[in-house]
Amino acid sequence: MSTKVGVIIGSTRKPRVCPQIAKFVIETIKSGSLFSANSLELVLIDLADWNLPFFDESNVPSQIMDYKKYDHEHTRRWSQEIQKYHSFIFVVPQYNWGYPAVLKNAIDYLYHEWEGKPAMIVTYGGHGGIKCNSQLTEVLQGVRMKPTQKKVLLTFEERTMLLDAVNGRDLGLDGTSKVGAWCNHRLAILEAFEEFHSLLSTAQ
């Protein structure tokens, strides 16, 4: 039986490059020896596909032990989805020194479904999204997840790349290649994934 890892696309704006970057992260991880030596399954979870309304449950999620006790069908479906995974990789842009509200909303819908699960955070932006990364780490700790200490900060080092990202254009990312855009970040991704996998092995 494979260990399921949910890769959460943490942006819903259009146009957007978050799906491209999530694909790059997945390709990079799959190119490493640690992934091929273990029975892991990486599954994309796109928040744009879920379109969760602003939090509308009447009860505090930490008090809900059974997904059937949620008020709304969209919450019950989201709970069942998150329960499928042993751990999560969050791929997130930095917005105004923080992370997207749509991601905070998706996290806040649940509590026990996140609790105890390892997490790896990949952020990107003009400066790599370091504030976003730090803030999201604290929030995930708040729902008792286990985020890695190693941070993955993907930086748009050239203005042309930043403009391409803003307009949702192809960034030319290839997680299987040692040349090309962001090839210098592949090692950071693989090192964070090594710590992530160690946390996952301990949690199971």
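Cavity, as I use the word: on a 1 Å grid over the protein atoms alone, a set of points where a 1.4 Å probe fits but cannot get out; a pocket is an open set with protein on both sides within 12 Å along at least five of seven lines, and lining residues have an atom within 4 Å of a point. Grid points are joined across faces, edges and corners, and I take a volume as the space filled by probe spheres set on the points.

Housekeeping. I am working on a predicted model, where local features need pLDDT of at least 70 and side-chain atom pairs count only at pLDDT 80 or more, while totals for chains, interfaces and linings use all residues. I number residues from 1 along each chain as its sequence is written, and side-chain values use heavy atoms, with hydrogens and water left out.

Entry 1, cavities. I searched the whole structure and got 2 cavities of 30 Å³ or more. The largest cavity holds about 40 Å³, and its lining is Leu-47, Asn-51, Leu-52, Val-102, Asn-105 and Ala-106. Helix H5 (residues 101–108) supplies the largest share of that lining, 3 residues. (Helices are DSSP runs of H or I, at least four residues; strands are E, at least two; both are numbered from the N terminus.)

I sorted the lining by class: 4 nonpolar, 2 polar and no charged residues. My classes count Ala, Val, Leu, Ile, Met, Phe, Trp, Tyr, Cys and Pro as nonpolar, Asp, Glu, Lys and Arg as charged, and the others, Gly among them, as polar.

The second largest cavity comes out at about 30 Å³. I find Ile-121, Asn-133, Thr-137, Thr-148, Lys-150 and Lys-151 around it, which split into 1 nonpolar, 3 polar and 2 charged.

The largest pocket has about 250 Å³ of space. I count 18 lining residues, with Pro-93, Gln-94, Tyr-95, Tyr-124 and Phe-156 nearest its centre. Strand E4 (118–125) and helix H7 (159–166) are the elements giving two or more residues to this lining, and H7 gives the most, with 3. By class I get 9 nonpolar, 7 polar and 2 charged.

I located Ser-11 in the loop between strand E1 (3–9) and helix H1 (18–31). Is Ser-11 buried or exposed? Ser-11 is buried, at 1% relative accessible area; buried is under 20%, exposed over 50%, partly exposed in between, with a 1.4 Å probe and protein chains only.

Leaving out residues up to four places away in sequence, Ser-11 touches Arg-16, Cys-18, Asp-46, Pro-93 and Tyr-95 (contact: heavy atoms within 4.5 Å). I also logged a side-chain to side-chain polar contact from Ser-11 to Tyr-95, at 3.0 Å. Polar contact here is a pair of N or O atoms within 3.5 Å; within protein, one must be able to donate a hydrogen and the other to accept it, and residues adjacent in sequence count only if both atoms are side-chain atoms.
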